[in-house]
Amino acid sequence: MRFLRRRDVAAVALALALFGVMASVQPGILTATGLDLTLLGMVPLAFAAVAQMIVMAGGDIDLSLGSAMGLVNAICATAFTKSVWVGVGELVAFVVGYVLMGAVIEFRRLPALIVTFAFSFIWLGFALVVLPTPGGVAPAWMTQLFSYSIPGIPEPILLLVVLAAASWLYLQRTRTGRLIRSLGNKRLAVQQFAAHPFSVRLRMYLAAGVVLVLGGFSLTAESSSGDPNSGQSYLLLSIAAVVIGGGDFAGGSSWPIGAVAGAVALGFVSSLDSFFQISANLLFALQGLLLIVALGLRRAEVLGQWLFVRRRGDREEGAVTQGVLPGEGT
Amino acid sequence: MVAHMTKAKRHQILMVLAAVTLVSGAIAWASGAARPGSAAAAQSGFKIAYANSEIGNTFHQALVSAVQATEKVALKSGLVSKFTLTDANNSPTTQAAQIRQDVVAGYNAIIVDASSATALNGAIQTACSHGIIVVAVNENVTAPCAYNVSPHWPDDTKVQMEYFAQRFHGHANILNVRGVAGTLPDTQMGVTGVNDVTKQSPGLKIVGSVYGQWTQTIAEQVTSTILPSLPTVNAVVTQGGDGVGVYNAFKAAGRPIPQIVFGNRGDELRLWQSILKTDPGYDSFSISTWPGGISSFGIWATVALLKKVVDIKPSYIYFPLSEITTGTLAAWIKVTPPSGVATRSFTYAAAVAVLKKEPNIPIVATAGPTGPISGL
């Protein structure tokens, strides 16, 4: 039962539980089409959650995430109609700007909270320059990329699995990933790895920036158009997804599966009222309650012990367990 | 890290379990309490889903209460057998997910009050490809397969500017108070409608432009900020929800009060009435749209389209703007709470009558809270 002690169990359990509840009320979602439609909207949020998770693993927080996705969305809906190279150029410029934001944070050891908050207005400004009013058109190849499917398996599931796996690999099995987590946990350890914190911070924002670009692609494909303000709701949802999934504001740990599962769970919560006809005024209180429950369940390790360790004496003395160190996310 | 079961941890688990029970209970109670008229459901009626954007401001509160009132009438009449209202807290992500769920659940029509003119297009396209009629109310969407029921927003400000042109004989300094940047209604009112008239009457000078965001407090703040840099302002073109804020800003700055056009909000109408008491010659009017009118008209239009009573292809179905004059002011104040918006709703018969006249309906209608609507 060791897996119950993982900090991402709560997110996966919540996602599965909510899926079960929705399936029992609306069996229609158990079809391939139903699953596809249900999970489609969660893909951009999953990308946002992973990007936020990377930044939080390094001990920072990105308050500009919503505006950044809006900017990528605006670029995708406009630049690619002119030419692919204009689009690529603008996206590269965005990633460079995003890395620059990381440089500003590291160079002066400024609080990420404030710097990213300021940058959120810069991204929004650029987005409004590129696309002053909602409009534009998603390039056909982008829409097709995200609706490609293997028969029987809805594409969103594939995307979510690949995303979780890829981000897990990057953060747990590469040197850069380990350095990023160390940066969030113990800066000294980074120097012991013979790496410069500045370069690690830049690499961290580069990775997050690339994930945001992919997230922007999925958002553009899903909405088939552009809106500079369309990314705003992803900011707080991404933070919530990361925290539900086991992440920490203190940094040093990363739970990619948890972040993706948290995004899925939050996506289900948004659709709750379609099924239960809950009064709109009550709905948001319920969503908040669910978030608190999910956070409470994060300490499922304790619940697991309580359920499965039989003798009272064992429990009270404290059955020794091989704990999981903060830096290890596996 | 050694985990051990202390009393504190045990309490924590009990709290979590209590919370889960509470939440499940709350969901069960809330869904039981809010399920409307399913007992009266007729087998032959249509199933309609209403995807609302937000309920956090007075305009939308009025819209939603009209939806709920119209829903009761529709369910009782048997025209509609199932009606669901969802709210997205102004998040396009959430709203798109809710629309997709409505497709999965098999509704005949989806009415959308869009939180974004474009971000819902993917979900709307999906709905259309499943044969569902999609009607956008209040906020336009750019999806080509959707019907757009909306006032002709550019005319809201066009009427104001034309009035200024006439009153000031073509020469005036005008402050342009806009809404929320990047939204379609703001562009339609603050740019298209205004520029349509300044092109014809170049003597009307826009001396300043601020984003009041349809909120009195923000409008007051941004107006106060820009006022010191402005010459004499003769008139203010507004988008609604900002008149009181603009007036307060001018008053606080000690400037003469310009001609401000109001936006049918309860607080603005009362302010106008109090200005008239001290200055009976204050020449103004109020223009916006009836939130209850939009939603009730939208629902009845959807029913009419489902019943194929009218044959209209997806396009704009325009809805008159509503103007309040000094003549109808007192009557409107009586039925509009200070935090509300002047509104009245359509009946099915009245809505069908308007639909049959499309597209030749008047742009602006003047009416009291009851009685005939001029031009319709």
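Colleague: What makes helix H2 (residues 58-77) and helix H10 (residues 291-306) of chain B a pair of crossing helices?

Modeller: In this predicted model, their axes come within 7 Å and cross at roughly 40°. The crossing of H2(B) and H10(B) is right-handed.

Colleague: How do you know which residues of H2(B) and H10(B) make the contact?

Modeller: Two residues are in contact if their C-beta atoms lie within 7 Å. On H2(B) the contact residues are B:Phe59, B:Ala62, B:Leu63, B:Ala66, B:Val67, B:Thr70 and B:Ala74. H10(B) contributes B:Pro291, B:Gly292, B:Ile294, B:Ser295, B:Ser296, B:Ile299 and B:Val303.

Colleague: Why are strand S1 (residues 46-52) of chain B and S2(B) called paired?

Modeller: Pairing requires at least two bridges between two strands. Seven bridges join S1(B) to S2(B), so the two count as paired, and they run parallel. B:Phe46 stands opposite B:Val80 in S2(B).

Colleague: How is chain B divided into domains?

Modeller: Domain 1 covers 42-145 + 290-320 + 343-366, and domain 2 covers 153-261. The bounds come from an automatic or database domain assignment. Taken over C-alpha atoms, the centres of domain 1 and domain 2 of chain B are separated by 31 Å. Five residues of domain 1 of chain B are in contact with four residues of domain 2 of chain B.

Colleague: Why is the largest nonpolar core said to lie between domain 1 and domain 2 of chain B?

Modeller: The core has 193 residues, of which A:Val260 and A:Ala265 touch the most other members. Both domain 1 and domain 2 of chain B give residues to this core, so it lies between them. Helix H3 (residues 42-57) of chain A gives the most to this core, with 14 residues.

Colleague: Which residues does A:Val260 touch?

Modeller: Leaving out residues up to four places away in sequence, A:Val260 touches A:Ala46, A:Ala49, A:Val50, A:Leu160, A:Leu163 and A:Ala164.

Colleague: What makes a residue of chain B count as buried, and how many of the 376 do?

Modeller: A buried residue has 20 or more other C-beta atoms within 10 Å of its own. Of the 376 residues of chain B, 50% count as buried.

Terms used. Residues are numbered from 1 along each chain as its sequence is written. Chains are lettered from A and ligands numbered from 1 in the order in which they are written. This is a predicted model: local features need pLDDT of at least 70, side-chain atom pairs count only at pLDDT 80 or more; totals for chains, interfaces and linings use all residues. A nonpolar core is a set of buried Ala, Val, Leu, Ile, Met, Phe, Trp, Tyr and Cys residues joined through C-beta atoms within 7 Å. A residue is buried if 20 or more other C-beta atoms lie within 10 Å of its own, exposed if 12 or fewer, and partly exposed in between; C-beta atoms are placed from the backbone. Helices (H or I, at least four residues) and strands (E, at least two) are DSSP runs, numbered from the N terminus. Axes are lines fitted to C-alpha atoms, for helices over the stretch in contact, and angles run from 0 to 180 degrees between N-to-C directions. A crossing is left-handed if the near helix is turned anticlockwise from the far one by less than a right angle, and right-handed if clockwise.
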